[in-house]
Amino acid sequence: MKILGIESSCDECAAAVVENGTWVLSNVVATQIPFHAKYNGVVPELASRMHTEWIDGVVREALEKASLGPADLDGVAATAHPGLLGSLLVGLSFAKAFAWARGLPFIAINHMLAHLYAPRLMATGAVTDYPFLGLLVSGGHSIICRVDDFDTITVLGTTIDDAVGEAFDKVSKYYGFGYPGGDYIDKLAKTGDSTAFRFPLPSLHKGDHPYDVSYSGLKTAVINQLEQFRSKNTVTVRPEDIAASFQKTAVEILLRSLFRAAEDTGLSAIVAGGGVAANSYLRSRLAERTDLRCVFPPLEYCGDNGAMIAGIGYQYLARGDRSPLSVTASARVQGFRKKYP
Ligand code: KG4
Ligand code: ZN
């Protein structure tokens, strides 16, 4: 079965064709990053307008690269939630119209479940059996979950304030490192001294919410109270050192909860997904834990892409699931909400 997957939840306008949930025949990602960079963040109105202008061309290119026409497809999948409402609506409406016009089955997809599905693409050998722990880390989410199937997860922990990617982006914005911040900080940190600043780890109420994380304290410390956490008497504050010290603490916050969840659940396999899963320090720290098996999607499938949507879409469509064309987009998805508004 060849499935067309469409993704437009944020600032990537993406489409892909995937065969039998695994083989990526094409994967086109048109990023809007350069257009949002001057604002140091995604401007929702601009994003949805650009999706509207680009979606047709992106889908055409995905079909061309797969050397297929619409008649060769067996189904259409599109992200319906969570994300920016205006942006989601563009991809979702396009996908529904496409499916209706071609008489194809259609399925609406939860973007976060698709990130967890990404390592199953391309038969990388990275596939791990269920159940496993999921680590969903992006600009909008920081979620630690138990994954029992491609469509069944239990959220064990989430952020009580900012998402981890958001913290990377805000620190980067403040220091003018570049947008989006994660990749810039990751690269800067490679030549930095991660012990130059000792930023505090949040103290959460471990009893009630043992796997929750928090990033607003770290963000404030790095942005407003830098001097207070300087651990060395160096005269100049080097951007590399700020990046390395921040990144080390940001990753530590995640790992503290993740490792605790692994211990408590007895699950030793972890699948990471979302843009922050591209972080090289996070990857190296997880690689050190030889008692855990951590699976990362290939870098091209870490960020938002259509292939993960088509891949998971196949799993639903193959077992006969269909979404009605009346399905609509939603910015949030139940069960993924922050626990404390
Ligand atoms: O999953 P994604 O592409 O979009 C959503 O937010 O849904 O994730 C984007 C986020 C941004 O916050 C970006 O700064 C972060 O992923 N990111 C990284 C890295 N590459 C991207 N964060 C840390 N290290 C990276 N190498
Ligand atoms: Zn994402």
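Analyst: A pocket is an open set of points on a 1 Å grid over the protein atoms alone; a 1.4 Å probe fits at each point, and protein lies on both sides within 12 Å along at least five of seven lines. Its volume is the space filled by probe spheres set on points joined across faces, edges and corners. The model is predicted, so local features need pLDDT of at least 70 and side-chain atom pairs 80 or more, while totals for chains, interfaces and linings use all residues. Residues count from 1 along each chain, chains are lettered from A and ligands numbered from 1 as written, and side-chain values use heavy atoms without hydrogens or water.

The second largest pocket has a volume of about 160 Å³. Its lining (residues with an atom within 4 Å of a point) includes Ser194, Thr195, Phe197, Arg198, Phe199 and Leu201. Ser245, Lys248, Thr249 and Glu252 also line this pocket.

Helices are DSSP runs of H or I with at least four residues, strands are E runs of at least two, and both are numbered from the N terminus. Helix 9 spans residues 280-288. Leu282, Arg285 and Leu286 are buried there (under 20% relative accessible area with a 1.4 Å probe, protein chains only; exposed is over 50%, partly exposed in between). These three residues sit on the same side of helix 9, because they cover an arc of only 95° around the axis. The arc uses directions from the helix axis to the C-beta atoms. The face turned away from that buried side carries exposed Ala287 and Glu288.

What covers the buried residues? Strand 6 (132-137) and helix 8 (239-265) are among the elements that do. So are strand 9 (269-273) and strand 10 (293-295). Cover here rests on contact, meaning heavy atoms within 4.5 Å.

Look at the start of helix 9. A side-chain oxygen of Asn279 comes within 3.1 Å of the backbone nitrogen of Tyr281.

One more residue is worth a look. His115 belongs to helix 4 (residues 111-117). His115 is buried, at 1% relative accessible area. Leaving out residues up to four places away in sequence, His115 touches Leu136, Gly273, Gly274, Cys302, Gly303, Asp304 and Met308. A polar atom of the His115 side chain lies 3.5 Å from the backbone oxygen of Cys302.

Technical notes. A polar contact is a pair of N or O atoms within 3.5 Å; within protein, one must be able to donate a hydrogen and the other to accept it, and residues adjacent in sequence count only if both atoms are side-chain atoms.
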